[in-house]
Amino acid sequence: MAPPRDDIPDFELIRRMADQKADFAQAREAWARFYVRHHGFLLRRCETNHAYVLGMPGVEEVVQDTFMKVFDGASTFNCADVCEPSVQISKSRGWLVRISENIIRDRFRRQPEVCTVDEDELAVRGGTPRISRVAVSSQ
């Protein structure tokens, strides 16, 4: 999906999202434009960095969750700086990446700890892992 051709800078879109209590329809429209503008970037970034662990369904879920957090947390973004649209895009994308990384960290925080041992180390342990959750790798 090609980004819409508009002259609304990212910071203005974020300001409109942050003002959702005053004008929810305008906030949703701003979010939709922001989503279309940055979705491809964030999807590629998350796919490149995390698909090997999360798989594509997990990556897509992280991207969707990121954009939902953007809408809910738009008021926390500092868009008071006066800067060129290209700089605004860079700052907005940095914010998106930071949110997505936090979402991924939160997901792994909820996972049980796993200790990976190779088959030789498992044999040294007598074939019985001392840790209740052990993943065996054959390297």
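**An exposed valine and the helices beside its loop**

Val82 is exposed, with a relative accessible area of 84%, and the cut-off for calling a residue exposed is over 50%. Please keep in mind that the model is predicted.

Where does Val82 lie? Val82 is located in the loop between H2 and H3. In sequence, 71 residues separate Val82 from Phe11, yet in space the two are 9.2 Å apart, C-alpha to C-alpha.

H2 covers residues 24-72, and H3 covers residues 85-109. At what angle do H2 and H3 pack? The angle is about 40°, and their axes are 11 Å apart. H2 and H3 are therefore oblique to each other, since angles under 35 degrees would count as roughly parallel. As for handedness, H2 passes H3 in a right-handed crossing.

Next, the surface. Tyr52, Val53 and Phe108 together make a nonpolar surface patch of about 360 Å². Of these residues, Tyr52 belongs to helix H2. Is Tyr52 buried or exposed? Tyr52 is exposed, its relative accessible area being 70%.

Finally, the chain as a whole. Its secondary structure comprises 4 helices and 2 strands, and along the sequence these follow the pattern α-α-α-β-α-β. Of the 139 residues in the chain, 32% are buried; here, buried means under 20% relative accessible area.

Technical notes:
Residues are numbered from 1 along each chain as its sequence is written. This is a predicted model: local features need pLDDT of at least 70, side-chain atom pairs count only at pLDDT 80 or more; totals for chains, interfaces and linings use all residues. Side-chain values use heavy atoms; hydrogens and water are left out. Patches are made of residues with over 30% relative accessible area and no salt bridge: like charges are joined within 9 Å, nonpolar side chains (Val, Leu, Ile, Met, Phe, Trp, Tyr) within 5 Å. Accessible areas come from the Shrake-Rupley method with a 1.4 Å probe; for residues, only the protein chains shown count as cover. A salt bridge is a side-chain nitrogen of Lys or Arg within 4 Å of a carboxyl oxygen of Asp or Glu. Buried means under 20% relative accessible area, exposed over 50%, partly exposed in between (1.4 Å probe, protein chains only). Axes are lines fitted to C-alpha atoms, for helices over the stretch in contact, and angles run from 0 to 180 degrees between N-to-C directions. Angles under 35 degrees count as roughly parallel, over 145 as roughly antiparallel, 65 to 115 as roughly perpendicular and the rest as oblique. A crossing is left-handed if the near helix is turned anticlockwise from the far one by less than a right angle, and right-handed if clockwise.
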